[in-house]
Amino acid sequence: MTLLHSRWFRHPLFPVMVAGLIPFGVRAQSGGTVSGDVRSEAGKPVQFATLMLVKAADSSLVKGAISDVDGRYVLEAAASGTYRVAASLVGYKKVFSPVFSLNASHPDHRLASLVLSEDAKQLGEVKVTGRKPFIEQQPDKLVLNVENSIVASGGTALEVLEKAPGVVVDQQNDRLSLKGREGVLVMIDGKPTYLSAAEVMNLLRSTPSNSVETIEIISNPSARYDAAGTSGIINIRLKRSSRASDGTNGSLTLGAGYGRFPKYNGGLTLNSRRGAWNLYGNYNYDHREGYGGIDLERRFNDNGVRSIVEQTGYRPNRSDGHTFRAGIDFTPGKRNTFGLLLNGLLVDSRARINNDNRVLTADRVLLSSQTMINATRRSSERLAANLNYRHTFDSTRRGGQGRELLVDLDGSKVTIDPTDNLITRSFHASGAESRPPLVQRSLSPSEVTIRAGKLDYVHPLGKKARLEAGWKTSYVTSDNDVRFETRTEGAWQSDSSRTNHFVYEETIHAAYLNGRQEWKRWTLQAGLRMEQTRSTGNSITLSKIVERSYTNLFPSVFLTQKLSDKHQLQYSFSRRIDRPNYQHLNPFVYVMDPYAYFQGNPYLKPQYTNAFQVGYTYKGETTLSFGFNRTTDVITDVTEQNDRTRVTKVTLLNLDVLTNLNLNLSFPVTVARWWTTRQSVNLFRNAYDADYLGKRLTNSGYSANLMSNHSFTLPKGFSAEVVGQYNSPFVYGLNKMRGFGQVSLGVQKSLWEKKATLRLNVSDLFYTNQNRGRIAYQNMDIRFRSFYESRVVRLNFSYNFGNRNVKAARNRRTSLEDEQNRVGQ
């Protein structure tokens, strides 16, 4: 059987495998070239088509190539003989050229245009056999293919992140860590969300997973990325349409779920392309009702008198979120593209926080009790605009091919308006009230304005080398006005100790140079980024001004060694920074309960991380890596305790050093033709070393993150998926956390010739995804358990309509990649 007629030639992954075997820029000592172009039936160039030069006698493969953006191709180093060329692309019928000859007198041959016609049947087959796994390991990143996941459907982007190897999500405290380290930079389509870490968590909670295509986890970004994110980058890419000609298409999603409370969502995505114009956008609505809670025990010792404060907290909540994005691209010619992108978020959330506190003796005899009810409402608005321009230089000029210039101008305004209404009641042990109810309220509106611009230039140096250079400037203003009031004799009186107007301004200038060179078995990428920062924090109420100005260099080096076609080694080093959250610099006081409060720290400094990693890849699927990371001035939540008043203060400080060691293994296993799995193991050790409260803090421990993903292909169009995850005990700052995990499962059925999908799933089947921990340091002995509505049953329906071959809208990386995680809460 010849290659052209074998079943492997018809496999949808065959063009990819062939492309991976094509040696670039290599020409034999003798022989000629075959050139031509590939067109659609409408006469338009077809890019990324696979071309194969085969012998006319037996159809054996000689050379392969990929068509460029203009549909052109060149097949090099063909010896004398008789040949023909085959052209193929997913979604099109394969086409063959007439037979032709090459010889010494005619070493080069120009073919007439090869015309590809659409093949709807083939496209349908590819959608089944080419389905990507939920977890996909690539050489430079880990990818979660969310749109293919059954257990992820109908949930939120945050719940998908919980299932990512090496990622730990603490929903109760709005923390996100990667391989045991916090400081993760979160991006959506490479674009900013303009939000703090807590607000990013809120955004991910309101983003339906049905609108997400993939989640990319990049542990060691290059110099082209902002230096922020000491533990790496998580990039969430929203769904796009397929590639091909003009037309309109879209998708509709509807979902409903129930745990203890109901939740439902819906979304619409549209993409329309007409000639030089491309208009795209989407809208998602999410209604979510749920709950969270915490059980807390604090122990005190006041001059030998021991006591205990027990707290039970329960927080039913609901939120309505609207997210939207709209964009337009105009491409008047082959070399210029102009774009405008608008996106926004509107969220209204309400909660009733019920805190019950009981003061006990060491023998657990009740002394007194307090209850605090906080009826809180929070509205958030985020509006952002991006103007972008892309220029591809004339490829006919010397050195012009592949050169491009990208320009982005951004503006964003974020307003957050929270209101807390607190009623605190105190009781004797007998149950009688010990004093009149304390009525308080907190109004803390904040407004953040971000303006930024960046310029990126790419210049190839031949076929195996290139240089990248760029500049970025961002200017941020954060205005926070916290007003805390107590109701006394029927009137609101300001509490000066908890009221503060704080304005923060920051300007960052950045420039980078990044180079890449490929050899036969080695690839080197090295870059250097410089960032100059000037900031002013002005506490108007307290008349305190903190100014800072500093310049840093951030080098990065990535070296890849190809041992053979199956074995590859990678070595990397990078230096990164995490600047304090804007809101955390505000020295305001936020009341958590009658015995605890949070206060910001205007003197926080940035933290810096040096990251080293060595990795091994087998067949592009199995990966093993070892990393060493050292963070100085690590920003950490800490607590202080007053034994006499039984009040605990939570704040943030710069601890001296955090050392992180991590070992990561990921590999696939095919149990049967209908059962495939991927296993991931992440082992790490965190060690804190710092002076705190007059004592040396040395908190360290070994931890593991285990992930097991199973996919099943069932009869009659059904498929199923099971995901299990376990996080072993770990340390964070003063905290020693216990292990937790979850098991989620789902089943899927394709409908209407695979245009629609119906999915049913349940998350955290055994309700084990709860955080438990302890702080035992100096005079503090605190035990806690936090939980939320993690076990939910969901039914989700999605429908794709219109021309499935419309070319997708461009993904944009705007100029605001650092600021997104630092906007005030």
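**Reading the terms**

Trainee: Why is Asp633 called partly exposed?

Mentor: Asp633 has a relative accessible area of 23%. Buried means under 20%, exposed means over 50%, and partly exposed lies in between, with a 1.4 Å probe and protein chains only. Asp633 is therefore partly exposed.

Mentor: Please keep in mind that this is a predicted model, in which local features need pLDDT of at least 70 and side-chain atom pairs count only at pLDDT 80 or more, while totals for chains, interfaces and linings use all residues. Residues are numbered from 1 along each chain as its sequence is written, and side-chain values use heavy atoms, leaving out hydrogens and water.

Trainee: What makes Asn303 exposed?

Mentor: The relative accessible area of Asn303 is 79%, so Asn303 is exposed. Asn303 is found in the loop between β19 (277-302) and β20 (305-330), and its phi is also positive, near 55°.

Trainee: Why is Thr757 called buried?

Mentor: Thr757 has a relative accessible area of 14%, and is therefore buried. Thr757 sits in strand β43, residues 756-763.

Trainee: Which residues does Thr757 touch, not counting residues up to four places away in sequence?

Mentor: Thr757 touches Gln748, Lys749, Asn796, Phe797 and Ser798, where contact means heavy atoms within 4.5 Å.

Key
Helix = DSSP H or I, 4+ residues; strand = E, 2+ residues; numbered from the N terminus.
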